[in-house]
Amino acid sequence: MTAYNYLELLRGIDSVTQEELKAFVPFIIDEIKVGLVEERVCQKVCEYSHVIDDKLRVISGEDQTYLTFSEAVNTCEERTQVLTVLTEAWRDASEFETLLGWRNELFSVYGNPKDHKRIFFKLERSASSLFGIGTYGSHLNGLVRTEGSFPRVWIGRRAESKQTWPSYLDNTVGGGIPAEYTPRETIVKESMEEAGIPSSLARNSVLTGTVSYIITALGIEQSTLFVYDLYLPEDFQPIPQDGEVSAYYLYTFEEIEQLLLNDRFMPDAAIVIIDLFIRFGYITPETNPHYQLLIYGIHRRLEVPPIYIPHSS
């Protein structure tokens, strides 16, 4: 893959500029911005105000228009209930395409200084892009040592039945961090559920850092992924477990590069692969003049508070 292709690949995934983000309506709680909302979503909030007793409002001031809860809604439970009633009504009325993939899985929305867990509310995962909240996931690169400079990598193919990116290539393991889970708990859980990697092995995975990106497809997705590397035994093969993945393939860096060039990876997995290539020196300043831009690009500044992980003793 040429240097130009890498940069174009990344810009094709995350193309929205900071200036373009100003067109979104901020979602604000107690003067803290927790999300970004499209105008079409704000219109639906107003249309469905009777369903939630006007407890979520679009406020148009002299300086700014923003989305917020009414003064009567003060707790995490109350905010969560308002949004549950609203998004279920939207789902039942087929208002938004993203809600067709209803998950019955909650994401926590962070930033609340008054809560010991820093949680403002919890939101159905499929509705996260409608409110532009920060979402968090854990992804794992399953590696196999070689005699060469670079390991081989187990790559999964998403099932044809997946609502999003069916049959595209994916990282060895990956999943959103559900409410009340930590990144490491998520990667251990997903490793067994997706790939049959036992917890005793998955716990050996090493956190290498995070990547972040913004996608504006079915709303706005502001995502941070915690990236783990795990060296797997040569005689171990991941086996699809829960129907999320149809098959696994063991590829070299060169083979993965060609698949990236052919746009075969889903967006978040592609970003994790670029991070992997940079960390292992497959992409360097000497081989790619856009090296610094790629590093900036996979560590996008987001417009939401960070995740809060309580200290474990």
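This tour goes from a pair of helices to the aromatic rings of the chain.

The model is predicted, so local features need pLDDT of at least 70 and side-chain atom pairs count only at pLDDT 80 or more, while totals for chains, interfaces and linings use all residues. Residues are numbered from 1 along each chain as its sequence is written, and side-chain values use heavy atoms, with hydrogens and water left out.

Select helix H8 (residues 253-261) and helix H9 (residues 267-279), which pack at an angle of about 140° with their axes 11 Å apart. That angle makes H8 oblique to H9 (under 35 degrees is roughly parallel, over 145 roughly antiparallel, 65 to 115 roughly perpendicular, and the rest oblique).

Next, show the side chains in contact (heavy atoms within 4.5 Å): Phe 253, Ile 256, Glu 257 and Leu 260 in H8 meet Ala 270, Ile 273, Leu 276 and Phe 277 in H9.

Stay with Phe 253 and Phe 277, an aromatic pair that is tilted, at 4.9 Å centre to centre and 40° between the planes (ring centres of Phe, Tyr and Trp, the last by its six-membered ring, lie within 6.5 Å in a pair; planes under 30 degrees apart are stacked, over 60 edge-to-face, and the rest tilted). Both Phe 253 and Phe 277 are buried (under 20% relative accessible area, with exposed over 50% and partly exposed in between, for a 1.4 Å probe and protein chains only).

Then select Tyr 110 and Tyr 136, whose ring centres are 6.0 Å apart with planes at 75°, so the pair is edge-to-face. Tyr 110 is buried at 8% relative accessible area, and Tyr 136 is buried at 9%.

Finally, select Phe 27, Tyr 48, Phe 69, Trp 90, Phe 96, Phe 121 and Phe 131, which ring pairs link into a cluster.

How values were computed
Axes are lines fitted to C-alpha atoms, for helices over the stretch in contact, and angles run from 0 to 180 degrees between N-to-C directions. Helices (H or I, at least four residues) and strands (E, at least two) are DSSP runs, numbered from the N terminus.
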